[in-house]
Amino acid sequence: MSFTVPSQLEAELDELATHYPQKRSASLMFLHALQEQFGYISKEAVEWTARKLGLQPINVYELVTFYPMFRQQPLGKTHVKVCRTLSCALAGAADVRKHFCEKLGLDSHAHAPQTTPDGKFTVEFVECLAACGSAPVVLVNEDLVENATVRVADQIIAKGKQ
Ligand code: FES
């Protein structure tokens with residue numbers, strides 16, 4: 001698989017690395033930038049970062065696997081984040097997420113984000129979305145859905161399948 005970082009982004013990252021006494025300290029910044037560019041951190045992105053910063057790929061890969069904000073798979077077109085923190089948990093967030101998973105053929109017991117084989121949906125649990133007063137809360141791409149129910153989940157699924 002070919003992996004090409006746009007030349008402007010590469011130049012920006014090269015410049016960024018000069019701001020650190022040790023180049024490896026720029027690893028997280030590189031990974032954030034590559035995830036923003038490509039949507040996730042591929043094996044090729046790990047290897048590219050390692051080459052750029054004079055590291056072994058394992059040094060970069062351990063960051064990708066340690067920090068939950070990094071994704072190793074592309075996101076689905078509709079990204080569903082179900083809050084599981086206390087207010088939402090008490091208001092039925094687990095049932096909403098279970099409904100999403102069951103309707104989309106995903107494992108409702110899995111902990112990691114899951115994407116449907118057609119690439120249309122990614123479903124995951126996340127921590128507080130800062131709208132606790134209207135729990136349970138779901139973030140659908142950039143849209144906050146308050147007081148989510150299984151019926152609302154069905155509407156989100158129907159829209160995402162279009
Ligand atoms: S607990 Fe769910 S939004 Fe805060």
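The following legends describe close-up views of a predicted model.

**View 1. Crossing of helices α1 and α3.** Helix α1 spans residues 7-17 and helix α3 spans residues 43-53. Their axes come within 11 Å and cross at roughly 45°; the two helices are therefore oblique to each other. The crossing in which α1 passes α3 is right-handed.

**View 2. Residues in contact between α1 and α3.** On the α1 side, the contact is formed by E10, L13, D14 and A17. Their partners in α3 are W48, K52 and L53. Sorted by class, this contact has four nonpolar and three charged residues, with no polar residues.

**View 3. The cis peptide bond at P136.** The peptide bond from A135 to P136 is cis, and its omega is near -5°. P136 lies in the loop between strands β3 (121-126) and β4 (138-140). Most peptide bonds are trans.

**View 4. Backbone of N141.** N141 is not a glycine, yet has a positive phi of about 50°. N141 is located in the loop between β4 and β5 (143-145). With a relative accessible area of 36%, N141 is partly exposed.

**View 5. Backbone of N147.** A positive phi, near 50°, is also found at N147, a residue other than glycine. Most residues other than glycine have a negative phi. The loop between β5 and helix α7 (150-161) holds N147. The relative accessible area of N147 is 47%, and a residue counts as exposed over 50% and as buried under 20%; N147 is therefore partly exposed.

Conventions: Residues numbered from 1 in each chain as written. Predicted model: local features only at pLDDT ≥ 70, side-chain atom pairs only at ≥ 80, totals over all residues. Heavy atoms only, no water. Axes fitted to C-alpha atoms, helices over the stretch in contact; angles between N-to-C directions. Helix = DSSP H or I, 4+ residues; strand = E, 2+ residues; numbered from the N terminus. Parallel < 35°, antiparallel > 145°, perpendicular 65-115°, else oblique. Left-handed = near helix turned anticlockwise from the far one by under 90°. Contact = heavy atoms within 4.5 Å. Nonpolar A, V, L, I, M, F, W, Y, C, P; charged D, E, K, R; others polar. Buried < 20%, exposed > 50% of the residue type's maximum accessible area, 1.4 Å probe, protein only.
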